[in-house]
Structure formats: structure tokens, C-alpha cells
Amino acid sequence: MSNKLKYIDEKIEQLKKDGVYRTLPVNYGACTNVINLNGKEVVNLSSNNYLGLANHPRVKEASQKALEKYGVGAGSVRTIVGNQDLLEDLETLLAEFKHEEAVMCFQSGLNCNIGTIQAIVEKGDLIISDELNHASIIDGVRLARSDKAVYKHNDMHDLERILKEKRDDYRNVLIITDGVFSMDGDLAPLPEIVKLSKQYNCLTYVDDAHGSGVLGESGRGTVDHFGLHGEIDFIIGTLSKAIGVVGGYVATKQNVKEWLLHRARPLLFSTALPPAATAATIESVKMLMESDEHTKTLWDNAHYFKKALKDLGFNIGISETPITPVMIGSEAKTMAFSKALLDEGVFVSGIVFPTVPLGKGRCRVMISASHTKADLDKAIQAFEKVGKQLSVI
Ligand SMILES: *Cc1c(COP(=O)(O)O)cnc(C)c1O
């Protein structure tokens, strides 16, 4: 009998040859500061649970209450009977939090990008996208029927070059950027992007997945950080990172929300968020609005950790956020570094080509408000030991 799936085996063999074949680590519990990963207790320096809300008692309690009243599933897409009142409440709350007119929620940040981008442009329009934008933006852009162009990362001269060359050939031009770039932790120059968008009459789209809950007043995001309320047409956020649950949203104008309800395919063809998740999210957002204590702790932890690594002589890149890429270099050395840290009881995923350029391998540390000083000190000691062992410092 011929093996019709042999071509998949061949592809997997190639992954192994290239040294990029992966297996999944298993976390035997909640996403917290210290986790049981593959049966070993480790300090968790790799989650996006920036504020420690994923396992917060208040958030869990809100979720449990909703579970009793609403059950486990929404039962349908939103346009049929999946639009539970909780989801309406969440959107009202998020619009208030973000200081925007309206919010539309999706099942994830990825769904939000692939649903929104293709709905707001059409043939005769142009999307101009930063070369380092997140994969879900790239996929969203691929699905759009407009033309596409890419500018060099955060390079405003390159963006303007494209605008000069092409603006007049199109009806709408949409500039898309991440607010915070997830691999380096640097910010998009939003004030300059807004200036160019006004000068060339463009629409602006900022995916703030790593900025929400982290930057701005009480974690209102990158747009708030730069004082640009009202200047960005589409602000994307995720409910899966700092907010600690799952889901994504676009904060925008009311008419855009109405239009998305008719054209954004994840809203039309995929079941709505589970109610217990929605209730948990409402509680998380309320906690952010009540106090900036969680955001403050996150930044205190980030400053403490970054200073220690810098003092040890590590290259921690150009990050302006709690994302801390510890630059190692070659792919093999990066993976060896990550493995040696694990032996010391510290989990930091190694990030290598093709996620980042060849030779720019790094151990990307994600600091959280849930880390104690003892967790951070243990991690710093492990970095020092392994850094000396592998001659990185
Ligand atoms: C993580 C991330 C997403 C995806 O969000 P999910 O809610 O996990 O689907 C989208 N955009 C950016 C920039 C991200 O960093």
C-alpha cells in the first residue's frame, strides 16, 4: 500500500535536520509565576500573563458565577443566538476603558485581525504594513482584496517613500502597525505615523496586543501612552495577554462596528466567546480601571530584572516594555542557553530563525506582576551562571 502521507514525513525529517523540530512542553497546572512544566517545578518567564490575572481569585470567582448562570458555551455565532448580554456588557466596558466610541469583540486577537482587515479594505485600496508586524496581521492582509506594500521596520522615511509613490493611485490607504513589537519589545513611532497619515490622508490601524494592560494610564495601551486618543481609526487589543483570559477586540467608531457585524467572517461563521471567559474578562478590565497597582508591579519587576541583567553584561536589546530579549546569537547557542536555564529551574523559551533573523537568537523573558523578588533573583542567578558557562557574558 502506498503511503499517501509520506510527504509529511519528509517535511518532518527536514525540520529535524534543520534543528527546528519541536515537541510541546506540558504545564500541569495554572499559568502562574512558578509552574510544573513536564513534571519539573520552574520559574515561568515565558507567559503573556503580564499582570497575573489568569489565575486571580476575583477573576475566577466572576467566571464561576457566570458558569452557573450561562453554562459553558455560547451555543451559536453572535449573529444568531450567541450574543449573550455579558458580551454586550464587556464591549461597553472596553469602549469606556479605551476612551473610544465602540468596541467589537472577537474570539481571539488573531480572529480580530483576520476578520477586521479584510472587512475594512477592498479592491482599489492599499494596505501599507510594517515588515515586523505580527503573523495574524500578515494573514489578515493576505485575505484582503486590496493591494499591499511593506515598509521597513519603524522606518518613517520608507513609509513616506511608499506614500509619495503610491498614495494617489488608491482610494483608501490603510497603515497597519503593531503598537509594541513582540520579539524586541520596541514601540511603533505612533506620533509620526499619525502625522504622515494626516498629511497623506490615510487610515491608521494599531494592533496593541502587547501594549494593552502594560502601557498608558492603568494599561490603556500604546495609543494612550502617546496621548493619541481619537487619532487612530482601528485599535486592536487582545484579552489573552495582560487581561489573562481569551479573546480580541477592535476599538473604533460605531459605524465600523455595525459594518463588521455584516462582514467580519469570524463573527458570522464562528461561535461567540464562552460566557465564563467573557465574565472573567469583565472582572479583569474592572480591576485595571479601579487601580494601577498591577501595572505598577509589572513595571517595578521589569525594571529590577532588566537592570540586573544589564549590570551582568547581557545585551538586552532595544525593548521599551517588560518584554526582555536576552540576545544570545546563533540558533544552537540560543537553544543550549534555554536548556541550561531549564536545568537551573528557570523556563525561558529560546526564539530563533525564522521567527527572528538568522544569528539573532534570543531567550525572550516575559516579566509578570505575579513574579516575586525571589523568583526574579533565582532567574538572575541562573542567567549569570549559564551566561558565564556559555561565554555570553
Ligand atoms: C498575541 C498577538 C495576537 C494574537 O492574540 P490572541 O488573542 O492570542 O489570538 C495578535 N496580534 C499581536 C500583535 C499579538 O502579539
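How far is an oxygen atom of the ligand from an N or O atom in the side chain of T238? The distance is 2.7 Å. This value, like the others given here, was computed from a predicted model.

In S240, a polar side-chain atom lies 2.6 Å from an oxygen atom of the ligand. For H210, the corresponding separation between a side-chain N or O atom and a ligand oxygen is 3.3 Å.

The shell consists of 14 residues, and the closest of them are G109, D207, T238, S240 and K241. Helix α5, which spans residues 109-120, provides the largest share of the shell, namely three residues. In terms of residue class, the shell has nine polar residues, three charged residues and two nonpolar residues.

Rolling a probe the size of a water molecule over the atoms shows where empty space is left. The largest pocket holds about 1200 Å³ of space. Its lining comprises 31 residues, with R22, T23, M335, S349 and G350 the closest to the centre. Two or more lining residues come from each of the strands β1 (34-37), β2 (40-44) and β12 (350-351), and from helix α14 (331-343). Of these elements, α14 contributes the most, with six residues. By class, the lining of the largest pocket has 15 nonpolar residues, together with eleven polar and five charged ones.

The second largest pocket contains about 650 Å³ of space. A total of 23 residues line this pocket, and those nearest its centre are H134, A135, S182, M183 and T355. Helix α6 (135-143) and strand β13 (361-366) each supply at least two residues of the lining. The composition of the lining of the second largest pocket is eight nonpolar, seven polar and eight charged residues.

Terms used. Residues are numbered from 1 along each chain as its sequence is written. This is a predicted model: local features need pLDDT of at least 70, side-chain atom pairs count only at pLDDT 80 or more; totals for chains, interfaces and linings use all residues. Side-chain values use heavy atoms; hydrogens and water are left out. A residue is near a molecule or strand if one of its heavy atoms lies within 4 Å of it. A polar contact is a pair of N or O atoms within 3.5 Å; within protein, one must be able to donate a hydrogen and the other to accept it, and residues adjacent in sequence count only if both atoms are side-chain atoms. Helices (H or I, at least four residues) and strands (E, at least two) are DSSP runs, numbered from the N terminus. Ala, Val, Leu, Ile, Met, Phe, Trp, Tyr, Cys and Pro count as nonpolar, Asp, Glu, Lys and Arg as charged, and the others, Gly among them, as polar. On a 1 Å grid over the protein atoms alone, a cavity is a set of points where a 1.4 Å probe fits but cannot get out, and a pocket is an open set with protein on both sides within 12 Å along at least five of seven lines; lining residues have an atom within 4 Å of a point. Grid points are joined across faces, edges and corners, and a volume is the space filled by probe spheres set on the points.
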